[in-house]
Amino acid sequence: MRTLSMPLNLKELVLSANQFTGTIPNSLFQFENLTVLDLSQNMLTSDAANDFGRLKRLEILLLSGNNLGGPIPQSLSTLKNLSRFAANKNNFNGSIPTGITKHVKILDLSYNNLSGTIPSDLFSPSGLELVDLTSNQLDGQITGSFSHSLYRLRLGSNLLSGSIPNTIGDALGMVYLELDDNKMVGNIPLQLGNCKNLTLLNLAHNKLEGPVPSEFGNLEKLEVLKLQENYLSGSIPSAFSSLMNLGILNLSQNSFTGEIPPRLFNLLYLTNVNLEGKKISGKIPSFPTTVTSLIELNLANNLLIGTIPSMTTSLRTALNLSHNQLSGSVPPYMGDLTGLEILDLSYNNLSGQVPSSLTGLTSLTVLDLSYNQLSGELPSFGPFVSVISSGNPGLRNITEDNKGASAGTFVGTSVEKRHTVIIFFMSAGTFVGTLVLTAVAVYLCSKRISRVEDADKIIDGQLAMNNNHTSAAEFMKAKREGWRITPFQALNFEVADISHRLTEENLVGSGGSGHVHRVTCTNWHNGSTTVVAVKQIRSVGSLDEKLEREFESEASILCNIRHNNIVKLLCCLSGTESKLLVYDYMDNGSLDRWLHGDYVPLDWPTRVIVAVGAAQGLCYMHHECSPPIIHRDVKTSNILLDLEFRAKVADFGLARMLARAGEPNTMSAVAGSFGYMPPEYAYTMKVNEKVDVFGFGVVLLELTTGKKANDGGEQGSLAEWAGHHYRSGANIPNAMDVCIRYAGYTDEIETMFRLGVQCTANSPSSRPTMKDVLQILLKCSEQTLRKSRLECSMDFR
């Protein structure tokens, strides 16, 4: 940074978001009239100078987002007018100076390498409002008193030990308190009940023990309570039922005993409840009809008894009652939960027949009934539902019998030994609207991914038809017209009629490999209409080798994939002059049109929904499929959106299967789209999953900047432009899409932008895996949820 030459009576100096490098010049400290000094978001390095004590009139000092190191300047403690000091996201080390908050009201030292103990006087000064020490290496105990004016305290992700001091109850103005991810022990102090303004309390991932104080019932403004992964015991306080604003409650992975408070589920604003544990007993309380906000409920791994009570129909993401001692029948009214996606009733003592009303759960993707005492015939569910029913000797799968299973074959014996389904219930919370934070992974014992009900085979690289899904009349009709049908789902419409409905009027898209049509078909069961998307790969005469290869790749891979965030292939038709791939139709089209077309701009929470969904699909392909699948053409036009803006990865024409995860695969030719192709394509034909990570990183940059993939100005591509913008230390908010720049989610947008830059690193080894990408996005979505909930609560006050 150059020597400064400006009037000595200068009062405010704002130099943020430039490309200044080097150290802070000593000449800066001659401007003794300065009240505001902002050097944030540059590339300043070395130790911060210790001459700040000369700036006696300084009120605001911002050093955030640099590469400054060394200790925090002790001279800052002498500045009597300094009210705000932010040095977050640097490389400061050493201990926190004593007396630094003697005059400062807002202190942010988060995301540094600070160590040692927290000074005992840090939280006590009168007038102190905010302290953020998140993500450092601080250890030892929290000591000293707390100012009445302190309203936000963030100490998460450190190495703090000892107990939470009783004096924390003196912070009567506390609104946000985060002590998660530390090593704190002992009981939760009952004095926390004095902090009646608390809106968010996060004590998760510690070693706290003992009961939850009943005084928590005094926290009437509490909206988020996270106590998971501790050693808490005793009963769940009945006083929780009086927390009328509570939205998210996570008490999982503790040692709570006793019954669930009978009025807990009466809380009107509850959206997510996770009580998974070991020892909660008694019956599940019933839900009043007034409860309409609950989206996810997890009561797994407890000692619950009795029958399943009536449930609120607002449940959408997941209901997990597994590993309990529930008895009686599966109630027919569970069929009223039409928005539910995952239902797990496994490992209980349920008996009787499975009610046919469950087939009306139109959003269901996973139904786990395994290891109960169920009997009779299992109703026929749609092909998109993974049904697990092993461990029910008396439960017969008629659908499987009709597909050729031997007489007397029961679900859960030889039929289901071919696959196992593992469900991950995500406790991250759900946006107002919808945010599916559930991943369903299907592992199979065979070398290829398959499903019990799908007998389609790939023989010598060709798809062989399975007539079990198609009527004889349908097959003969298609054969007369020169079409060969290969179904991958149970079809309820006239497949052969599709070829006659590919008109200019219903053309919705065109690409290098063909056209896409929106086709309306008639359901032959009830006469209703079904809309499908038909991709037509057409050529004069016979198909050329490239298109033929892409068709076979897409069909062979998608016929075996079952995931909620990957487009579902219904069937394919092969003719002499063209081939047709028939998919579920996505009502909201491609992400590309929403970002770069004439549509209404997506708000930030919706963009996060899309990013998480697409990441879940790619994560499944890379980490759960065996062998792993690489897409090779990840881009916004290949991410489709359904009515609720859930993302579906589409267009697998260039996809390939890897021999083993992480090992490169040699390609015969470069494939992909400009702006999304990684730099390694310039020097090698050997690629692995990191090519998809690169493409997805570009998608993240498009979501945050609103720019197109090839809109990089002098840098050429968006990925190169963003990398240069970030490495130069330029202000990230200036790069944000103007449609979301001022929406109040700056930190979350910056997180996604930085993740996009990491994903588009030049070296494949420097890019994160999709599993790592998904975890970062889930945290980003949780932070967005928290802000959107607080914003909504403010709107109604």
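## Close-up views of a predicted model

View 1. Arginine 646 has a relative accessible area of 14%, so it counts as buried (buried means under 20%, exposed over 50%, and partly exposed in between, using a 1.4 Å probe and protein chains only). This is a predicted model, in which local features need pLDDT of at least 70 and side-chain atom pairs count only at pLDDT 80 or more, while totals for chains, interfaces and linings use all residues. Residues are numbered from 1 along each chain as its sequence is written, and side-chain values use heavy atoms, leaving out hydrogens and water. The side chain of arginine 646 meets that of aspartate 642 in a salt bridge, 2.9 Å from N to O (a salt bridge is a side-chain nitrogen of Lys or Arg within 4 Å of a carboxyl oxygen of Asp or Glu). Aspartate 642 is buried too, because its relative accessibility is 9%.

**View 2. Leucine 640 and its surroundings.** Look for leucine 640 in strand E46, residues 639–641 (helices, H or I with at least four residues, and strands, E with at least two, are DSSP runs numbered from the N terminus). Setting aside neighbours within four places in sequence, leucine 640 is in contact with Met586, Gly589, Ser590, Arg646, Ala647, Lys648 and Ala650 (contact means heavy atoms within 4.5 Å).

View 3. Glutamate 178 and arginine 154 join their side chains in a salt bridge of 3.1 Å, N to O. The pair links distant parts of the chain, with glutamate 178 in strand E15 (residues 176–178) and arginine 154 in strand E13 (residues 152–154), 24 residues apart.

**View 4. A salt bridge from strand to helix.** Lysine 226 forms a salt bridge with glutamate 782, and the closest N and O atoms are 1.5 Å apart. This pair also links distant parts of the chain: lysine 226 sits in strand E19 (residues 224–226) and glutamate 782 in helix H9 (residues 770–795), 556 residues apart. Both lysine 226 and glutamate 782 are buried. A search of the whole structure finds 15 salt bridges.

**View 5. An open sheet of five strands.** The 5 strands of this open sheet follow the order E6-E8-E10-E12-E14, with parallel pairing (two strands pair if DSSP finds at least two bridges between them). Strand E6 (69–70) and strand E14 (159–160) each have a single partner strand, so one side of each is left without a neighbour in the sheet. Strands of a sheet pair through backbone hydrogen bonds, either parallel or antiparallel. Here, strand E10 (residues 113–116) and strand E12 (residues 137–140) pair in the parallel sense over 2 bridges. Across that pairing, glycine 116 stands opposite leucine 138, and serine 115 stands opposite glutamine 137. Which residues of E12 lie on its covered face? Leu138 and Gly140 do, whereas Gln137 and Asp139 are on the uncovered one. E12 also runs parallel to E14, joined by 2 bridges, and glycine 140 stands opposite leucine 160 in E14.

**View 6. Glutamate 702, buried without a salt bridge.** Helix H6 (residues 690–705) holds glutamate 702. This glutamate is buried yet has no salt bridge, and the nearest side chain of opposite charge, lysine 708, is 8.4 Å away (Lys and Arg count as positive and Asp and Glu as negative, while His and the chain ends are not counted). Not counting residues up to four places away in sequence, glutamate 702 touches Leu595, His596, Thr636, Tyr676, Lys707, Lys708, Ala709 and Leu718.

**View 7. Helix H7 and what covers it.** Helix H7 spans residues 718–727, and its buried residues are Leu718, Ala719, Trp721, Ala722, Gly723 and His725. Their cover includes H6 and helix H8 (746–759). After H7 comes glycine 729, whose phi is positive, near 80 degrees.

**View 8. Lysine 535, an annotated position.** Lysine 535 is found in strand E42, residues 529–538. The unreviewed UniProt entry covers Lys535 with the annotation "binding site"; UniProt positions are given in the numbering used here, feature names are shortened, and annotations may be inferred rather than shown by experiment. In the model, lysine 535 counts as buried because its relative accessibility is 8%.
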